[in-house]
Amino acid sequence: MKLDIGLYAGLTCGNPDLPSFGQKEFVLDVPDGTTVRDLRRILAIDPAIPLLCMVNNHHEQEDWALRDGDRVGMFPPIGGG
């Protein structure tokens, strides 16, 4: 299935085996049944970094099963003032 991926606040695809390595916005083919957690692992994003994950503009937990065509945004929590 195809996912539309957006990584923000300095995140990039960290998996050198993917054509999207080092990119922030891309389309990625993943196996059916992939969860947000699986996607994070596929993209090789450091598990020590806390992430907010948005799927189709809704906050979802890491066990959320993704579907073909989903728009996934990931970003570390940021603050300001």
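User: Which side chain of opposite charge is nearest to D70, and how far away is it?

Analyst: This is a predicted model. D70 is buried, yet has no salt bridge. A salt bridge needs a side-chain nitrogen of Lys or Arg within 4 Å of a carboxyl oxygen of Asp or Glu. The nearest side chain of opposite charge is R67, at 4.7 Å.

User: Which side chain joins that of D70 in a polar contact?

Analyst: Set aside the neighbours within four places in sequence, and D70 is in contact with K2, L3, D4, V55 and N56. One of these contacts is polar, joining side chains at 2.8 Å. The partner is N56.

User: How many salt bridges does the count come to?

Analyst: Side chains of opposite charge can pair when their charged atoms come close. Here the cut-off is 4 Å between nitrogen and carboxyl oxygen. By this rule the count comes to five.

User: What residue forms a salt bridge with D4?

Analyst: The closest N and O atoms of the pair are 3.4 Å apart. The pair links distant parts of the chain, with D4 in strand β1 (residues 2-7) and its partner in strand β5, 67 residues apart. D4 is partly exposed, at 33% relative accessibility. The partner is R71.

User: Is R71 buried or partly exposed?

Analyst: Buried means under 20% relative accessible area, and exposed means over 50%. R71 has 27% relative accessibility.

User: What is the N to O distance in the salt bridge of E62 and R37?

Analyst: E62 sits in the loop between β4 and β5, and R37 in helix α1 (residues 36-42), 25 residues apart. Both ends are partly exposed: E62 has a relative accessible area of 27%, and R37 has 38% relative accessibility. Their side chains meet, N to O, at 3.7 Å.

User: Which residues do salt bridges that share partners join into one network?

Analyst: E62 and R40 also meet in a salt bridge, at 3.3 Å, N to O. This pair links the loop between β4 and β5 to helix α1, 22 residues apart. R40 counts as buried, at 7% relative accessibility. The network joins R37, R40 and E62.

Terms used. Residues numbered from 1 in each chain as written. Predicted model: local features only at pLDDT ≥ 70, side-chain atom pairs only at ≥ 80, totals over all residues. Heavy atoms only, no water. Buried < 20%, exposed > 50% of the residue type's maximum accessible area, 1.4 Å probe, protein only. Lys, Arg positive; Asp, Glu negative; His and termini not counted. Polar contact = N/O pair within 3.5 Å; in protein donor to acceptor, adjacent residues only side chain to side chain. Contact = heavy atoms within 4.5 Å. Helix = DSSP H or I, 4+ residues; strand = E, 2+ residues; numbered from the N terminus.
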